[in-house]
Amino acid sequence: GSITSGAGDNFDPIIRAGRTAAAPAYSFTGDLDTGMFNPNTSNTIAFSTSGTEKMRLDASGNLGVGTTSLASKLNVYDSSTSSVVVGTNATFSGFVGIGVTPTVALDVSAANNLGSRARFTKGAYTLQFGAGRDVSTVPFIGTESNHDFSFITNDSEKMRLDANGNL
């Protein structure tokens with residue numbers, strides 16, 4: 001059986017015996033494949049739309065959007081795009097903060113030098129920059145790998161620092 005409550009339209013909540021994304025236990029009379037369910041995992045709640053699980057919250061407080069593999073507090077995955085949109089000026093400030101309330105587009109703060117740097121890797125090449133390295137508190141930018149570092153303007157190399165330190 002099921003329990004239905006509401007004004008008698010397609011958006012009335014319904015509680016039923018469902019336990020899958022396609023038939024969630026808590027759904028809506030006119031949209032039976034959208035709702036909330038337990039995905040056969042203790043202390044876990046999941047949410048579905050159009051019969052597909054879209055979000056999951058586990059007992060550790062880890063939240064997954066687009067994934068059922070929760071490795072940290074927030075896991076976001078979308079196989080159709082490489083973007084995660086935080087906001088636009090129309091809805092949010094568009095600022096992202098890691099370890100700090102942001103005051104610029106990307107604001108990173110950490111108690112140690114390793115946490116206050118960014119790293120970009122493509123194959124064997126690694127560029128990093130930050131507020132300090134593990135051996136120094138001086139801000140830096142450069143390669144982490146044993147490769148040259150070039151400076152470009154107008155998409156053309158103007159200067160190169162090689163791996164031996166020669167300019």
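Asp58 is placed in the loop that joins strand E6 (52–57) to strand E7 (63–65); helices (H or I, at least four residues) and strands (E, at least two) are DSSP runs, numbered from the N terminus. The model is a predicted one, in which local features need pLDDT of at least 70 and side-chain atom pairs count only at pLDDT 80 or more, while totals for chains, interfaces and linings use all residues. Residues are numbered from 1 along each chain as its sequence is written, and side-chain values use heavy atoms, with hydrogens and water left out.

Asp58 is buried but has no salt bridge, a term for a side-chain nitrogen of Lys or Arg within 4 Å of a carboxyl oxygen of Asp or Glu. The nearest side chain of opposite charge belongs to Lys73, 6.3 Å away. A polar atom of the Asp58 side chain does, however, lie 2.9 Å from the backbone nitrogen of Asn62.

Three aromatic pairs are found in a search of the whole structure; rings of Phe, Tyr and Trp (its six-membered ring) pair if their centres lie within 6.5 Å, and planes under 30 degrees apart count as stacked, over 60 as edge-to-face and the rest as tilted. One of them joins Tyr26 and Phe28, whose ring centres are 5.9 Å apart with planes at 80°, so this pair is edge-to-face. Tyr26 is partly exposed at 31% relative accessibility, and Phe28 is partly exposed at 25%; buried means under 20% relative accessible area, exposed over 50%, and partly exposed in between (1.4 Å probe, protein chains only). Phe120 and Phe129 have ring centres 5.9 Å apart and planes at 20°, so their pair is stacked. Phe129 is partly exposed, with 37% relative accessible area.

Leu161, part of strand E15 (residues 156–161), is partly exposed at 33%.

Two asparagines show positive phi values. Asn154 has a phi of about 50° without being a glycine; this residue sits in the loop between strand E14 (149–153) and E15, and is exposed at 76%. For Asn40, phi is near 60°. Asn40 belongs to the loop between strand E4 (31–37) and strand E5 (45–49) and is exposed, at 56%.

How values were computed
Lys, Arg positive; Asp, Glu negative; His and termini not counted. Polar contact = N/O pair within 3.5 Å; in protein donor to acceptor, adjacent residues only side chain to side chain.
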